[in-house]
Amino acid sequence: MRYSALSVLKQALTGHKGWQPAWRDAVPAPHYDVVIIGGGGHGLATAFYLARDYDVGRIAVVERSWLGNGSIGRNTTIIRSNYLLPGNLPFYELSLKLWEGLERDINYNAMVSQRGVYNLFHSDMQRDAYARRGNAMRLHGIDAVLLDRAALRKTIPYLDYENARFPIQGALLQARGGTVRHDAVAWGYARAAAKLGVDIIQNCEVTGIRQMGGVAVGVETSRGYIGAGKIGMAVAGATSQVAAMAGLRLPIESHALQAFVSEAVKPLVDHVITFGAGHFYISQSDKGGLVFGGDIDGYNSYAARGNLPTIEDVCEGGMAMMPMLGRARLVRHWGGVMDMSMDGSPIIDKTPVTNLYLNAGWCYGGFKATPASGVCFAHLIAREAPHEVAVGYRLDRFAEGWVIDEKGSGAQPNLH
Amino acid sequence: MRLQCPHCGPRGLAEFTYHGDATVQRPVDRGAGSSAAWADYVYLRDNKAGVHQEYWYHQAGCHAWLVVTRHMRSHEVMAVRAAMVRA
Ligand SMILES: Cc1cc2nc3c(=O)[nH]c(=O)nc-3n(C[C@H](O)[C@H](O)[C@H](O)COP(=O)(O)OP(=O)(O)OC[C@H]3O[C@@H](n4cnc5c(N)ncnc54)[C@H](O)[C@@H]3O)c2cc1C
Ligand SMILES: [Zn+2]
């Protein structure tokens with residue numbers, strides 16, 4: 001069924017009895033030409049673009065849980081392409097462009113909202129750094145505006161501009177940045193992929209990767225063996241575990257990232273705002289909750305929850321930037337498992353095992369990357385060569401000295 | 001999470017700084033050996049979803065480096081020892 005204003009009207013008039021499940025819940029077949037492990041945003045997007053743009057035969061997405069249980073359903077929904085380094089800028093800009101056309105591409109309302117991302121700065125040095133970043137963006141044809149304090153204050157009057165320690169001096173604005181309804185992205189891609197014939201298999205955990213003479217030939221799962229011509233790993237926080245099934249050791253650590261939502265309030269925060277003197281960012285959901293977060297907890301974890309010091313740190317950042325936040329009650333907080341790479345940038349590449357492909361290292365910022373990650377991973381799997389915007393995301397860049405270290409913090413995942 | 005510092009007793013997490021996997025071994029060749037061994041040491045990690053040995057620095061306390069044994073799924077701290085004391 002195609003979704004449209006007409007279909008909504010028709011269903012409204014007939015008591016909403018005609019809606020069908022958005023995708024087929026498939027039973028595993030004995031063999032597929034391509035098996036994607038992981039039904040998060042990246043796995044589903046990969047399957048969709050593979051099915052739409054290439055002729056690779058039968059495709060399955062194998063998910064150990066239900067769709068949306070991973071980080072795709074836990075993130076704070078921010079999209080942007082305000083990066084600095086050449087290896088990253090074209091990739092994230094492709095992603096932002098794909099977000100702009102996504103809802104038409106997949107016929108699904110993902111609530112893409114380009115409300116603008118404002119990165120505050122608090123010192124001369126930080127302004128210079130943001131001016132440089134904005135220039136790098138513009139050189140790549142990406143929108144960026146450096147706002148001084150007066151201009152910023154006109155748009156966002158409610159921040160603590162006179163804060164004694166961290167006075168707000170202005171912001172770098174990417175007006176095309178914003179938010180997208182995160183779980184709608186999973187559902188929308190799943191529905192669009194299933195429509196093109198992709199089997200989406202939930203509650204099916206991959207427990208082994210079968211190889212014959214250095215060639216991957218299939219996956220052992222909790223629902224039996226599934227043969228595969230090619231296998232793509234897109235399991236984010238579980239990357240090291242799944243890669244270990246093929247004997248691989250990767251430049252990745254899993255870390256905890258938390259997020260927070262306040263009680264619903266009337267429309268207040270119209271944009272995405274990030275504090276520059278600590279790590280804190282905030283936006284407001286359509287339901288009214290203030291959605292905010294900050295740094296990863298900083299130690300290895302697979303627990304999908306964090307600890308109190310980080311909660312305190314995030315809230316302190318929020319109070320320094322926007323003191324009125326102290327009046328709102330926190331109603332929920334949760335955590336997810338991040339696949340932190342050693343340089344803070346992702347990997348989309350072949351592996352030393354033939355027919356086994358890797359998509360990982362998304363750190364705390366892989367949501368915004370979802371469409372481009374899908375396009376580039378599909379390209380890699382179908383064409384056996386990297387997509388032109390992902391050439392830097394090689395697995396051997398660590399050993400070869402071509403790391404893409406946006407933060408310049410070295411091989412210390414908890415600092416990226 | 002609280003860590004039982006062998007010098008200071010049980011202390012809150014905010015006093016400590018984390019430094020990752022304590023089982024990786026720095027090559028002893030002072031740079032003369034293969035770069036593969038160095039790439040391995042600097043970048044590759046087991047990152048298992050089980051028991052993990054890791055360095056923590058008691059930054060706001062006694063300034064000792066500690067080796068903490070902790071479970072990655074439950075955050076349960078199973079042991080803490082001074083890094084100077086070889087296991
Ligand atoms: C609190 C929080 C806030 C965030 N905020 C942002 C943000 O504002 N902007 C942004 O860009 N990014 C953000 N991120 C990061 C982003 O959510 C992730 O980088 C991204 O979702 C990871 O890709 P994914 O969607 O494919 O992962 P996931 O949704 O985690 O998908 C991986 C899937 O693999 C499955 N899997 C694992 N092991 C197996 C197995 N053995 N067999 C079968 N399936 C398996 C998992 O069940 C999971 O469904 C945030 C993350 C968190 C947790
Ligand atoms: Zn101590």
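How many residue pairs are in polar contact across the interface of domain 1 of chain A and domain 2 of chain A? The rule finds 11, with both residues at pLDDT 80 or more. A polar contact is a pair of N or O atoms within 3.5 Å; within protein, one must be able to donate a hydrogen and the other to accept it, and residues adjacent in sequence count only if both atoms are side-chain atoms.

This is a predicted model: local features need pLDDT of at least 70, side-chain atom pairs count only at pLDDT 80 or more, and totals for chains, interfaces and linings use all residues. Residues are numbered from 1 along each chain as its sequence is written, chains are lettered from A and ligands numbered from 1 in the order in which they are written, and side-chain values use heavy atoms, without hydrogens and water.

**The two domains of chain A**

- Domain 1 covers 28–77 + 182–250 + 343–415, and domain 2 covers 115–173 + 253–341. These bounds come from an automatic or database domain assignment.
- Their centres, taken over C-alpha atoms, lie 29 Å apart.
- Domain 1 brings 19 residues to the contact and domain 2 brings 21. Contact means heavy atoms within 4.5 Å.
- About 1700 Å² is buried between the two domains, with 53% from carbon and sulfur atoms. Buried area is the accessible area (1.4 Å probe) that two parts lose on being put together, summed over both.
- Arg74(A), Thr76(A) and Pro413(A) supply 35% of the area that domain 1 buries against domain 2, more than any other three residues.
- One salt bridge crosses this interface. A salt bridge is a side-chain nitrogen of Lys or Arg within 4 Å of a carboxyl oxygen of Asp or Glu.
- Glu406(A) and Arg133(A) meet in a salt bridge at 3.7 Å, N to O.

**Chain B against chain A**

- Chain B puts 22 residues in contact with 25 residues of chain A.
- The two chains bury about 2200 Å² between them, 51% of it on carbon and sulfur atoms.
- Three salt bridges are found across the interface of chain B and chain A.
- Arg249(A) and Asp46(B) form a salt bridge, with their closest N and O atoms 2.7 Å apart.

**Glu15(B)**

- Glu15(B) counts as buried because its relative accessibility is 16%. Buried means under 20% relative accessible area, exposed over 50%, partly exposed in between (1.4 Å probe, protein chains only).
- Leaving aside neighbours within four places in sequence, Glu15(B) contacts Tyr57(B), His58(B), Gln59(B) and Ala60(B).
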